[in-house]
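Please have the viewer open and follow along.

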Amino acid sequence: LPDPPRPRPQFLGYIAPEVSQDGVSMRAGFDARYAITPTLYGLVSVAPDFRNIENFIAGIDFTRTERFVADARPFFTEGSGYFNLSPESTYGDLFYSQRVGDFDIGGKAYGQLSPSTSLGAFAAYNASGQRAAVVNINRAASTSSSNVFMTLDGENGRTNSAAGAKVR
């Protein structure tokens, strides 16, 4: 039998002219996606352009906590289920992708490491010093599951991070 076809990387690039009062400039970037295994994927995005993505509106109702709305940016929607750190939380997630603004380079890996173990790992950086990262490893057994997770968010020498584990 012949070997199965090897997965090939997929690339999506863009070049967009921009006209302003200061003159004409160009924006350019690309995304690369690769199937590491049939169930584990990697994605790299360099200079993504989120300007044309229509976001959801949170509403104007009064609330004592942060508003959580779905993220429409393709980089964050792809594999988003692997980054859910606290599904039973009523006050939102430890990782909320809307807190990550524009970035210069970002990468993520997500999927199944084995039938019972999943991984979600993400990191992004921007030249002004903003950075964000999250890692979530989930292992499911027949009657229970366990998670190990870590988040990091920082800018200008300040870092907020959280790490933990939970067993259900």
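## Strands 5 and 6

Ala 123 sits opposite Ala 133 of strand 6. This is a predicted model, and in it strand 5 and strand 6 (residues 131-140) run antiparallel, joined by 9 bridges. The two strands form a hairpin with 5 residues between them. In that turn, Gly 129 has a positive phi of about 105°.

## Strands 4 and 5

Strand 5 (residues 117-125) also pairs with strand 4 (residues 105-114), in the antiparallel sense and over 9 bridges.

## The nonpolar core

Phe 122 turns up again in the largest nonpolar core, which has 13 residues. Phe 122 is among those with the most contacts inside this core, along with Phe 75, Phe 76, Phe 83, Phe 95, Val 100 and Phe 103. At least two residues of the core come from each of helix 1 (74-77), strand 5 and strand 6.

## A look at Tyr 34

Now move to strand 2 (residues 23-37), where you will find Tyr 34.

Leaving aside residues up to four places away in sequence, Tyr 34 touches Pro 7, Arg 8, Pro 9, Leu 40, Tyr 41 and Gly 42. The C-alpha atoms of Tyr 34 and Gln 10 are separated by 6.3 Å, with the two residues 24 apart along the chain.

Conventions. Residues are numbered from 1 along each chain as its sequence is written. This is a predicted model: local features need pLDDT of at least 70, side-chain atom pairs count only at pLDDT 80 or more; totals for chains, interfaces and linings use all residues. Side-chain values use heavy atoms; hydrogens and water are left out. Two strands pair if DSSP finds at least two bridges between them. Helices (H or I, at least four residues) and strands (E, at least two) are DSSP runs, numbered from the N terminus. A nonpolar core is a set of buried Ala, Val, Leu, Ile, Met, Phe, Trp, Tyr and Cys residues joined through side-chain atoms within 4.5 Å. Buried means under 20% relative accessible area, exposed over 50%, partly exposed in between (1.4 Å probe, protein chains only). Contact means heavy atoms within 4.5 Å.
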